[in-house]
Amino acid sequence: MKLQVGAKVFSKRFLLINVWGSLLATVLLLCLAIAQQPQSSKQDFGELEKVALAELAETNTPGAAVGVVSGDRLVFAKGFGVSKQRVGPDTVIGFVAETVVGATAGCVPPAPGYFERIREICDRYGVLLILDEVMCGLGRTGARWACAQEGVAPDLLVVAKGLGAGYQPISATLVADKIFAAIRDARVTFMHGHSYQAHAVACAAALAVQRVIREQNLIANSQTQGESLKRLLNERFGDYPDVGDIRGRGLCIALELVKDRETKEPFDPAMNLWLTVMLKGMEFGLMCYPGGGTAGGEKGDHVLLAPPFNINSAHVEEIVEKLSLTFNSVFNHV
Ligand SMILES: Cc1ncc(COP(=O)(O)O)c(C=O)c1O
């Protein structure tokens, strides 16, 4: 497929589709999309969303199919201020998703075959597949790329956290050859940038981190320690009354906290349970990453565990032990 970047070619495409619960982090594409839609108005987006979903459903487009396949709601990326006009597959510039959803929903891997189907649909309609692996990429899920575990290659891939492992602030957008070629050959100025992009010290730190990961075989360690962490968590909390689900991949694991194990009914969000768990965990020396809104955006609590890639089996046991002390103290079941 010959892809061209230029106002004329892309003028019809102004919508980005984003899976609900995923974090939209592709500033590059947002800039592109907004640049292609200069006559924006202050149209109520809620209204457009309804119209768009209805039309997409009728035309059997990716958006509608995705919603059905994942059982998720679909929303259009906000902030475009688009005027009310016809929407359909030819107006969609990209589909953005986290391959494994991280902090927002608590380590949710895709349903089997989900991304293969998305890739197929994107190819059919000339829609760019943009994957956000800021959290799940670069070894966190036990593979260098979470999308490789799904057997797909996106058109654009964003990474950050694992790139510099926190030693330096650095992120990157990886693009497929066809995107690279389109930008190179477009003969227009590609307006993008940050004050400190490609910062030499940050790049050197990222390179050093990636070398250590390779030399010490830390992605394999993420896979094996992740498996044993998940096994121990299942042994300890598999029947725990307040734990509704234990999920994730590699060293990206979450426990969903529920009021009722059978119905998965969440706790009252006013309790801010996730915050209580975080503070109590710190008392026991456990730094976990809890979050709220797990179940539908407003309700729901989860605890995310994302330890460093170089943990050993003693650390894994320590995490489970400290989480156990935390839960027992918060839920008072002992
Ligand atoms: C999945 C995901 N995407 C994007 C971001 C935002 O990244 P940044 O803070 O580098 O802009 C985050 C931050 O937590 C994230 O978890």
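Of the 334 residues of the protein chain, 38% count as buried (20 or more other C-beta atoms within 10 Å of the residue's own, with C-beta atoms placed from the backbone). The model is predicted: local features need pLDDT of at least 70, side-chain atom pairs count only at pLDDT 80 or more, and totals for chains, interfaces and linings use all residues. Residues are numbered from 1 along each chain as its sequence is written.

The protein chain has twelve helices and ten strands (DSSP runs numbered from the N terminus: helices are H or I, at least four residues; strands are E, at least two).

Now the sheet. Four strands form an open sheet in the order S7-S8-S10-S9, with antiparallel pairing (a pair needs at least two DSSP bridges). Strands S7 (243-249) and S9 (289-295) are the edges, each pairing on one side only. The twist averages 25° from one strand to the next (axes are lines fitted to C-alpha atoms, for helices over the stretch in contact; angles run from 0 to 180 degrees between N-to-C directions). Five antiparallel bridges join S9 to S10 (residues 299-305). Gly291 has His302 of S10 as its bridge partner.

Helix H10 (residues 218-237) packs on this sheet, touching S7, S8 (252-257) and S10 (contact: C-beta atoms, placed from the backbone, within 7 Å). The direction of H10 makes about 170° with that of S7.

H10 also packs against helix H12 (residues 313-331), at about 30° and with axes 10 Å apart. H10 and H12 are therefore roughly parallel (angles under 35 degrees). Among the residues in contact are Leu229 and Leu232 of H10 and Val316 and Ile319 of H12.

Definitions and conventions: Contact = placed C-beta atoms within 7 Å. Buried ≥ 20, exposed ≤ 12 C-beta atoms within 10 Å, placed from the backbone. Parallel < 35°, antiparallel > 145°, perpendicular 65-115°, else oblique.
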